[in-house]
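Please open the model in your viewer and keep the sequence beside it, so that each selection can be followed step by step.

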Amino acid sequence: MKMYSLSCKNMGVTCDYVATAGSREEVMEMATEHVKKVHPEKGKEMAEKMSKEEMEQSMMEKMVESDDPDEGEDM
Ligand SMILES: [Zn+2]
């Protein structure tokens, strides 16, 4: 199973938060919620600079894909 993560640092925010989920959509939702709650100014700044589509595109690009460490072990 693939895991996706997006950290605040990747988005240019000094913060240790990392959104991790099994789908890109979920990660995007988590990151968006977090930015709204914790970095409303950053969210506003981004919304002023780009459209929702561009923001999603930018998040997709910054997202890191990795394999779930729990899997891959043969018993
Ligand atoms: Zn943050």
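A residue counts as buried if 20 or more other C-beta atoms lie within 10 Å of its own, as exposed if 12 or fewer do, and as partly exposed in between, with the C-beta atoms placed from the backbone. This is a predicted model, in which local features need pLDDT of at least 70 and side-chain atom pairs count only at pLDDT 80 or more, while totals for chains, interfaces and linings use all residues. Residues are numbered from 1 along each chain as its sequence is written.

Select Ser 66 to begin: is this residue buried or exposed? Ser 66 is exposed, because it has 10 C-beta neighbours inside 10 Å. Ser 66 belongs to strand E3, residues 64–67, where strands (E, at least two residues) and helices (H or I, at least four) are DSSP runs numbered from the N terminus.

Now select Met 3, which stands opposite Ser 66 in E3. Strand E1, residues 2–7, pairs with E2 in the antiparallel sense over four bridges, and E1 is also joined to E3, again antiparallel, by four bridges; two strands pair if DSSP finds at least two bridges between them.

Next, show the three strands together, and look for an open antiparallel sheet in the order E2-E1-E3. Its edge strands are E2 (18–21) and E3, each of which pairs on one side only.

Finish at Ser 7, whose bridge partner in E2 is Val 18.
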